[in-house]
Every structure is written in C-alpha cells, then in structure tokens.
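Subject: Structure for you to look at

Dear colleague,

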Amino acid sequence: MTTVLTAARKGRAAVKWAVSQLLVDRPWNVTSRVGFVVGLGLLFMVPGMLLATLVEWGSSVSNDEIALGMGALVTLVGGGLLVAFTRLDEDMPPASVFAAVAWTWIGLSLFAALPLWFSGDLGSFDTALFEAVSGVTATGSTVLSPIEGTGRGVLMWRQIMQWYGGMGMVVLAVTILPFLGVGGLSLITAEAPGPTSDRLAPRVSSTARRLWALYGGITLAIAAALMIAGLSLYDAVAHAFTSAGTGGFSPYDDSIGHFDSIAVEAVMIVGMLVGGVSFTLHWRAVSGNPGVYGRSSEFRTYLLVIFAVALFASLLNWLNDLSDLANSLRNGIFGAVTLGTSGGFGNASSANPGGDFAAWTPGAQALLLPLMVMGGMTGSTAGGLKVLRAQVMAKYMRVGLLRVKHPRVVARVKLGQMVVSEPILQRVAGLVALYALSALVATLVLAALGQDLITSSSAAISALSNMGPALGDAGPTSNYLVFSRPARAVLMSMMLIGRLEFFAIFLVVVSAYERTRRLTRVNLRR
C-alpha cells in the first residue's frame, strides 16, 4: 500500500511539472489572466458539446452531428490556443479577477452559440447568441420555435449549457488554478451567487471538486426520480440537467406541461427547490449534519416565502373561478416554485391551461413579482437578488427607521447571532440599487422599442433575475421572439449582468471607461 501511495505522489508531481512546463514556463507564453481563464472555460465546455454530438448521432430525427462536432472543434482549438499561449501570474488584483469572470461568461456565450448557429435551427447568429446567453446564464428565455422540430443533439446541448451555467464554469475552472500554483479563491468569490464564498475545504481546488461532485449527485438523483415517474432516459437526463441548474430549458414546446403528470411535476418541484438551496448547506448535510437546514434563517425564509405565495396565489385563482381548488393548488405551487427558484419551467398545456401564470388574476401575478426579484438562496444555482440580501435589506430598513425615531439608539443589523458589518451592508445596498436602476432602464428601453409596460417590466426583471418566463406577451406559453432584435440585445445584457451579480460587468465597463479617459488625456497632452 505504501508503495502505491508513493508512486501516486510521484506521478502527481510529474504531471504537475509537465503542466507547468507546457503552460506556464514556456517563453512564448504571454501573461494574460483573462485569456487563460477564458481558455480553461472553453476547454471545459468541449465535453458537453461532444456528449450532445453523440446524442445527435444516435438519433434519427435530424443530422446535426457535423454542426455540433464543428462547434466542439472550434471551441477546442480556441480554448487550447488561449491556454497554450497565455499564463497567469501569482498576483491577481480584484480588477483582473472581475475582468476574468466577466470575459469568461461572454466568451462562453459566444462559443456556445456556434453549434446552434451551425445547425441552422436558429437562423442568424444573433438569434443563436440569445439562446446561448440564456443557456449559460441559466435563464431559460428561448427564441427557438418550434422546439420539438429540432434535433435531439441540439436540444441536449441547450440542456447541457444550463447545467454548466447553473453551478458556474468559473468554479469548475479554478480546480486547475491551484494545481498550477495560482490561488483561485478570489475567482469563486467573484462568480459565486452570494456576497462571499464559503470554503468547504482548506484548498480551493478541493472546494470546487466537492461542489461539482455534489452537483453531479443531485443531477443523477433527479434523473433517477424522473425515470421512476415515467420519463424516458433522454427526457429524464435532459430535464435533470436544467432542474439541478434551475435553468428552465425543455426539449418540448409545452415544457413540463408536455407530460401532464403530477408525479413529474412533483419531482421537478423538489429538484428546483434543492437547486435553489445553498450548496454549503447541502454539503454540510450530507457530511453528517442534516440539522443545518433548520438552523439557517435564510433556508426557513426561502421556504416560507415560496409556499406562502403559492398558497395565496392558489386561493386567489380559485376564488376567481380560474380552476377548481385542487388544480389551483397544483398550479400555484408549481408556479411559485419555478419563479422562486428561477427554475423557469411551465406546466401549462391544453389539458391544464391554468398553469399559464401570465393568465392568472392580477393579484396572483402581483405576488409572483417579489419572487422573481428575490430568487433563491446565496450559494445556490438560482438567480435573483437572493433571500439573504432581502433579509439584510429588510433589517437594514428597520434599523434605519429606528435610528430616525431614536437618534441615540445603538442598533445593528443581525442575522441570527451574527452582526452584519457596515461594509457588507453598503455592498448589499449598492447591489440592490444597481438592480433597481438596471431594471428601470431596461424597462424604459424595452417600452420605447414597442412593448407594453407589463411585458417590458416583467421581462427586464426576469432577465436580471435569470428567471426565463415573464408576464404579458412573454409568459410561459410564449417565447422571446415577441421582442425585436434590439430588445433582445438589451435582454441579453441584462442576463449577463444579473448572472454575474452586477459588479463584475460594471467594473469591467468602468475600468474600460477610465482607461479610455487616461489615453485621451495622454493624446491631448501630446
């Protein structure tokens, strides 16, 4: 046994040295933090494209193997060149970290669009790009119509994109960075849905591996449950990918409504709820501490808000004679969960028209909007502002009012026994302000481009929160072809801004603006 362990250590050291020689120490390498991380992200995307190619090859529906294979080849070459000819240095300042995160997601979106564009199913590249951005940001807004006329491989690639995007390609990429002698915790902090990252292990690479192992286990469990509920292997795996990633894509035009099955809907509800919970809690639970869920105030608030909205929305729809009580509860729970977790699935069909929440009563729809804004828990695959931030802001406003009434009182914002520091309060308040400002600007632009106010505002919130369906003309039974090309460009930018928690994108824009100003001043002096 000792001999085996010694040999394993020597082998690992040899591989580490070889990787270092090939990727870091060669004289042709150019120090480029952004290029190296983008390259890693592209390489990690290639296996998903190859899997989709195999699915297409085994299907008789269409012949898109070449399109998917070409996409994989171009992505492999692009990622390989970036990794081979760039390198990281030991020091990654915050500006570089945010730039690496932002450009990684932009690069992934561009290359993820290639198989969709090559297949010809989405026409122009900008349409394919919208679908790809919606996929890698786990948003679920689609411009593919009809969905069921597309090859299985291309549809599977849509599902795989959201599985990648659910946890975050950057988290996967940092498993390699410590191996190369470069720390990656700052990348997890910049990309993770919460305000800070929570290590599950002393080494960042171990943390990322555990996250992905847990994510893969949850995906397999959902797929198995869906098969028990009656779905085929293809349908079960396809929906497990987007359920665990709380994405919302489905290979069918009616989404989950295609199956008209309460059992399938129940599995999807549980899957979305699990995906919307912090993966730190999941890891601690499976590590022998299941009581951690009950001790989390964010978890209790998360479930309470979702099921309270589900109950009240169901009662409002029932009292307004939209359907009987049983169906109202069925659709109310599914609708609240799909929006509260940013799942984005729909269960409406010709047999169950009450699942279309865009047709619910105004009171029930008004209850859904806070869910779209709030989203799931920090450290989850869900979008939105996150439950923890909503808790912090509610307590912050209460403390502010108390200080107005009693100027000398010493009041602090506390979550459980933890006092929230002033820097964190300021960061949360700043992010909420950026969210509100972005939603307002996007709403005004979409309205100016011809959409009604309900569709514009709900689509802006949906894109920022990575929800997928909205209200009005962009409801769960519709698609985003109702928007013009300029409007879809606005929504794409909102998806990326929301997925990257605002700061990454805005800091890149501010940095570029400041760099331009400096160059302009230098040129004027000359």
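L155 is found in helix α6, and please bear in mind throughout that the model is a predicted one. With a relative accessible area of 3%, L155 is buried, because anything under 20% is counted that way. If we set aside the neighbours within four places in sequence, the residues in contact with L155 are L144, I147, T150, Y234 and P251. I also looked at L155 together with Y252, which is 97 residues away along the chain, and found that their C-alpha atoms are separated by 9.2 Å.

Helix α6, which spans residues 152-167, also holds R158, and the side chain of R158 meets that of E131 in a salt bridge, at 2.9 Å from N to O. E131 belongs to helix α5, so that this pair, 27 residues apart, links distant parts of the chain. Both partners, R158 and E131, are buried.

A search of the whole structure gives four salt bridges, and another of them joins D126 to R485, with 3.3 Å between the closest N and O atoms. Here D126 sits in helix α5 (residues 125-136) and R485 in helix α20 (residues 485-499), and the pair, 359 residues apart, again links distant parts of the chain. D126 has a relative accessible area of 28% and is therefore partly exposed, since that class lies between the limits of 20% and 50%.

A further salt bridge is formed by R330 and D260, whose closest N and O atoms are 3.2 Å apart. R330 lies in helix α15 (residues 325-340), whereas D260 lies in the loop between α10 (233-244) and α11 (262-275), and the pair therefore ties together parts that are 70 residues apart in sequence. Are these two partners buried or exposed, or something in between? R330 counts as buried, because its relative accessibility is 17%, while D260, at 38%, counts as partly exposed. This pair also belongs to a network of salt bridges in which D260, E265 and R330 are linked.

When you go through the model yourself, you might begin with the contacts of L155 and then turn to the network of D260, E265 and R330.

Definitions and conventions
Residues are numbered from 1 along each chain as its sequence is written. This is a predicted model: local features need pLDDT of at least 70, side-chain atom pairs count only at pLDDT 80 or more; totals for chains, interfaces and linings use all residues. Side-chain values use heavy atoms; hydrogens and water are left out. Helices (H or I, at least four residues) and strands (E, at least two) are DSSP runs, numbered from the N terminus. Buried means under 20% relative accessible area, exposed over 50%, partly exposed in between (1.4 Å probe, protein chains only). Contact means heavy atoms within 4.5 Å.
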